[in-house]
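Open the structure in your viewer and keep the selection tool at hand. The tour moves stop by stop.

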Amino acid sequence: MSHLLETPLSAWHKAQGAKMAPFAGWDMPIQYEGILLEHAHTRTAASVFDICHMGEFTLSGAGAAAALAQAVSHNLETLAIGKCRYGFLLNDEGNVLDDLIVYRKGENDFMLVVNGACEASDFAALAARMPAGVQLHNISAQTAKIDLQGPLSVDVLEALLQENFHDLPYFSFRSTSFAGESLLVSRTGYTGELGYELYLPWDKALDLWQALLTDARVKPAGLGARDTLRLEAGLPLYGHELDTAHNPTEAGMGKMLSSKANYVGKAGASAVRQVLLPLKLEGRRAARNGDSLALPDGTAVGTITSGSFAPSLGYGIAFAWVDAAHAAQTEFVVQTARAGLPATVTSLPFYTAGTARIALA
Amino acid sequence: MSNPAELLYAKTHEWARVEGDEALVGITHFAQESLGDITYVDLPAVGDVVTAGEDFGSVESVKAASDLLSPVSGEVIAVNEALEAAPETVNAAPFTEGWMLRVKLSAPATGLSAAEYEAVCAAEAH
């Protein structure tokens, strides 16, 4: 096997008999007991996910806010301290180099969370956009990330940390401590359920992971369930729904481009050549990444980016890039290697009963 | 789960249970475990002809789709219709309730013994 990076939890996953596979250069758990079971448990109880492969940067110093507003698409004017926001790192053409969350810890003090596969290239792109006096640091090697997701996650977190988190709204975060070490608790996630993303020192990750799992309501979930959960929630995956051939508007996220700053790629971020359509299939058969999308008459007009049987819905769902000329079309056929599957355009999220946004306070 | 000694096996992880001039066909425990949660099974129609070593359908799991290769030759005389609504039966009981086809044999069935098949699995597991 080629050299794969290991998280502080890799040995634990293997000892549990998890199916492991390479992801973004890391040896990651795909499943423990089974994708469907882990998916259902996350929708009904609470699951922990090892997300240590993702990258974290800090940005600080006088002028950091102004420099960041020029470097990414996020609207920082309306981002209060203690809040975080989703957005994009664009190239000069306005296409997507990565999607990332910006955490505002102070007026000029930020944390950026990026995809593992993009960590090195994101850091280089951001560094090139930073003026003297602003400090950009890559803290990925010291920073572990564990996601606690599911409707019971607030109860689990409160029981473990003996602290109230009902008052922490969606896309908000605060610092606390676990076993004497700093722990950043962010009410965010990638499953469509109520949940938290937990950041802490790399060498404390195993302690927190095991402490969370002492709660009988919590099970570990792998990247397999993470993918079906995020797809049902209608959330994009970089490299599938987002890439350097498309801009955020094409990906259906033009409304997020509210920043008044003249950020890199702004001019090209709104041109629409293709559109990302959410599709519902008729039966249990799944479309897969790379399958061709055709009009009912067989004319090829697009490509599937992600597709799966949706465990919480009982039918196949998918995203596809379609040429803008056919954006108003509602009926398509997915050409898989084995069959032609009728597909209908639907609305997002695919799964509408998720608890991610519920008010707890 | 052990591989029943009375079955014949294909290197491609299907099994055949020969009963007179008929055979039941399914996939092995090793196959279902490699595939993970099965979400769809595409089977031929009753009356279709299957040929040993050639594809007779496909199986989809959450992560992938795979062809099914017939371990025997003959005419399909029944398919397991319960798998349409409950494909997870293949995961739960691959050698029994998760059977896929009943075939009227047109040629004597051949295949690996359980011991020979286990050697194939051991080699693939590395």
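Select B:Q32 and B:N91. Their side chains make a polar contact at 2.9 Å (a pair of N or O atoms within 3.5 Å; within protein, one must be able to donate a hydrogen and the other to accept it, and residues adjacent in sequence count only if both atoms are side-chain atoms). This is a predicted model, where local features need pLDDT of at least 70 and side-chain atom pairs count only at pLDDT 80 or more, while totals for chains, interfaces and linings use all residues; side-chain values use heavy atoms, with hydrogens and water left out. Residues are numbered from 1 along each chain as its sequence is written, and chains are lettered from A and ligands numbered from 1 in the order in which they are written.

Stay on B:Q32. It is found in helix α1 (residues 29-35) of chain B; helices (H or I, at least four residues) and strands (E, at least two) are DSSP runs, numbered from the N terminus. Is B:Q32 buried or exposed? B:Q32 is buried, with a relative accessible area of 8% (buried means under 20%, exposed over 50%, partly exposed in between, with a 1.4 Å probe and protein chains only). Now show what B:Q32 touches: B:I27, B:I38, B:V90, B:N91 and B:P94, leaving out residues up to four places away in sequence. Contact means heavy atoms within 4.5 Å.

Next, select β4 (38-42) and β7 (65-69) of chain B, the edge strands, each pairing on one side only. They belong to an open sheet of 3 strands, ordered β4-β6-β7, with antiparallel pairing. Strands pair if DSSP finds at least two bridges between them. β4(B) and β6 (residues 55-61) of chain B share 4 bridges. Pick B:V41; its bridge partner in β6(B) is B:V59.

Move to chain A and select strand β6 (residues 96-106). Of its 11 residues, 9 are buried. Strand β5 (residues 84-90) of chain A pairs with β6(A) in the antiparallel sense over 7 bridges. A:R85 stands opposite A:V102. The hairpin of β5(A) and β6(A) has 5 residues between the strands, and A:G94 there takes a positive phi near 95°.

On to strand β7 (residues 109-114) of chain A. β7(A) and β6(A) pair in the antiparallel sense over 5 bridges. A:M111 is the bridge partner of A:Y103.

Last stop: helix α6 (residues 205-213) of chain A. Color A:A205, A:L208, A:W209, A:A211 and A:L212, which are buried. Look down the axis of α6(A): its buried residues fall within an arc of 165°, so they line one face of the helix. The arc is that of the directions from the helix axis to the C-beta atoms.
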